[in-house]
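Thanks for coming. Please look at the screen.

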Amino acid sequence: MGRTRPCDQAVRRGRLRKAEQFFHLAEIGRDFADEPDVVDDAVVTLWVHAGIAASDVICCARLGKHAQGEDHKDAVTLLGSVDPAIAKHLSVLLGVKTRSGYTDTPTSRTESNRSAPNVPPKR
């Protein structure tokens with residue numbers, strides 16, 4: 001296991017705020033884009049950051065610590081000790097992180113759909 005950082009309420013609240021910000025901006029971008037697939041790279045990148053921050057929140061709440069290091073696989077491993085299903089989704093997100101955020105290759109519609117959070121819509 002890689003490095004971890006202890007969490008208190010302030011850290012958990014801060015990471016939750018960031019998760020919510022990334023998530024909401026991704027949703028707004030996709031909802032208001034003239035052609036949603038044109039913004040897939042930006043939307044997926046925001047979902048990745050939302051997923052990483054949300055993982056930290058879950059680990060903070062359940063374990064009192066979150067992963068902190070260069071290798072995001074450590075976050076997947078730590079999250080897997082709390083909830084393997086959620087850890088699998090984080091792993092999927094991290095699998096498209098480089099393509100969506102750092103390369104010239106666009107994120108495919110399939111990858112974008114696989115990356116989409118599985119949350120009920122707001123009413």
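How do the residues lining the second largest pocket divide into nonpolar, polar and charged? There are three nonpolar, four polar and six charged. Here Ala, Val, Leu, Ile, Met, Phe, Trp, Tyr, Cys and Pro count as nonpolar, Asp, Glu, Lys and Arg as charged, and the others, Gly among them, as polar.

Before going on: this is a predicted model, where local features need pLDDT of at least 70, side-chain atom pairs count only at pLDDT 80 or more, and totals for chains, interfaces and linings use all residues. Residues are numbered from 1 along each chain as its sequence is written, and side-chain values use heavy atoms, with hydrogens and water left out.

Back to the pocket. Of its 13 lining residues, Asp56, His66, Ala67, Gln68 and Gly69 lie nearest the centre. Helix H2 (40-63), strand S2 (65-67) and helix H3 (73-80) each give two or more residues to that lining.

Last, confidence. The protein averages a pLDDT (the predictor's confidence in each residue, from 0 to 100) of 88, and 93% of the residues score at least 70. The mean is lowest in helix H5 (residues 109-115), at 79, and highest in S2, at 95.

Definitions and conventions
On a 1 Å grid over the protein atoms alone, a cavity is a set of points where a 1.4 Å probe fits but cannot get out, and a pocket is an open set with protein on both sides within 12 Å along at least five of seven lines; lining residues have an atom within 4 Å of a point. Helices (H or I, at least four residues) and strands (E, at least two) are DSSP runs, numbered from the N terminus.
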